[in-house]
Structures are given as structure tokens and as C-alpha cells.
Amino acid sequence: EGQEPPEPLGESQLMDGLQTLTKIVALREESMGADHVTTGEALYTVSLVYMYANDNQRALQLLDKAYTIYYFELGPDSNRTLELAQSIRDAGGVPQEPTER
């Protein structure tokens, strides 16, 4: 009938996931550029894992970087930019209009 909810990730699983995702961010920065939207997507994904791990301070640092990329690459009114702005609020931050990259 109904599926059981998944077990919460253990600390070692979180650390492994963060390590892998951080490598992906570095690869995207290297291959696509630090300001490319795919780099922003990778940063956003890593930030969500930090939020899951209740490290909102680190999540907000990455969300802010991703928000700046989305803002300039996709525009301030893009659904993806607006979704990211909501994630910043969910993490306890306030989306700031970027003045420069």
C-alpha cells in the first residue's frame, strides 16, 4: 500500500554527498565558467544539502552565489530565480539584488 518514508541520511552519507557535489561544482566552474547557469545549478543543489543538514549559514553563502548567477543569466523574473529567492528566505536570509557579478 503506502510506501514507508525514506530513512534520514546519516552524517557519513551527507558528507559523501557534499564531497561529490562540491567536486561537481568545481568541475562546472572549470569547464563552463564560474558565472555559467549550470554552475549556479550545482551551487543551488549543494546549498539544499546544507539546508537538509541544518547548516543554513553555509547554505546561504552558496544560495547567494547561485542567486547572483541566476539573476544575471536568467533574469530577476525567471521562475528559477524566484524559486531560488524563496530558498534563501527558507534558509533565513533575504534575497539581495546583486549589483555586480
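Of the 101 residues of the chain, 35% are classed as buried. The model is predicted. Its secondary structure amounts to four helices and zero strands, and the order of elements from the N terminus is α-α-α-α. Along the principal axes, the C-alpha atoms occupy a box of roughly 45 × 30 × 30 Å. Among the contacts with a separation of 6 or more, 57% involve residues 24 or more positions apart.

Helix H2 covers residues 37-52. The buried positions of H2 are Val-37, Thr-39, Gly-40, Ala-42, Leu-43, Tyr-44, Val-46, Ser-47, Val-49, Tyr-50 and Met-51. These buried residues pack against helix H1 (11-32), H3 and H4. Just after H2, Asn-54 adopts a positive phi of about 60°.

Helix H3 comprises the 18 residues 56-73; at 1.5 Å a residue they should span 26 Å, and the end C-alpha atoms, 25 Å apart, agree with that value. Buried residues in H3 are Ala-59, Leu-60, Leu-62, Leu-63, Ala-66, Tyr-67, Thr-68, Ile-69, Tyr-70 and Tyr-71. The partners against which the buried residues of H3 pack are helix H2 and helix H4 (79-90). A positive phi, of about 100°, is also found just after H3, at Gly-75.

Three aromatic pairs are present in the structure. One of them is formed by Tyr-44 and Tyr-70, with 6.3 Å from centre to centre and 85° between the planes, an edge-to-face arrangement. This pair links distant parts of the chain, since Tyr-44 belongs to helix H2 and Tyr-70 to helix H3, 26 residues apart. Tyr-44 and Tyr-70 are both buried.

In the pair of Tyr-67 and Tyr-71, the ring centres are 6.0 Å apart and the planes meet at 50°, so the pair is tilted. The angle lies between the limits of 30 degrees, under which planes count as stacked, and 60, over which they count as edge-to-face. An α-helix has 3.6 residues a turn, and residues three or four places apart therefore point the same way. Tyr-67 and Tyr-71 are four residues apart in helix H3, so about one helical turn separates them. The relative accessible area of Tyr-67 is 10%, and this residue is therefore buried; the value for Tyr-71 is 15%, and Tyr-71 is likewise buried. Both assignments rest on a cut-off of under 20% relative accessible area. Together with Phe-72, Tyr-67 and Tyr-71 make up one aromatic cluster.

Conventions:
Residues are numbered from 1 along each chain as its sequence is written. This is a predicted model: local features need pLDDT of at least 70, side-chain atom pairs count only at pLDDT 80 or more; totals for chains, interfaces and linings use all residues. Side-chain values use heavy atoms; hydrogens and water are left out. Helices (H or I, at least four residues) and strands (E, at least two) are DSSP runs, numbered from the N terminus. The expected span of a helix is 1.5 Å times one less than its number of residues. Buried means under 20% relative accessible area, exposed over 50%, partly exposed in between (1.4 Å probe, protein chains only). Contact means heavy atoms within 4.5 Å. Rings of Phe, Tyr and Trp (its six-membered ring) pair if their centres lie within 6.5 Å; planes under 30 degrees apart count as stacked, over 60 as edge-to-face and the rest as tilted.
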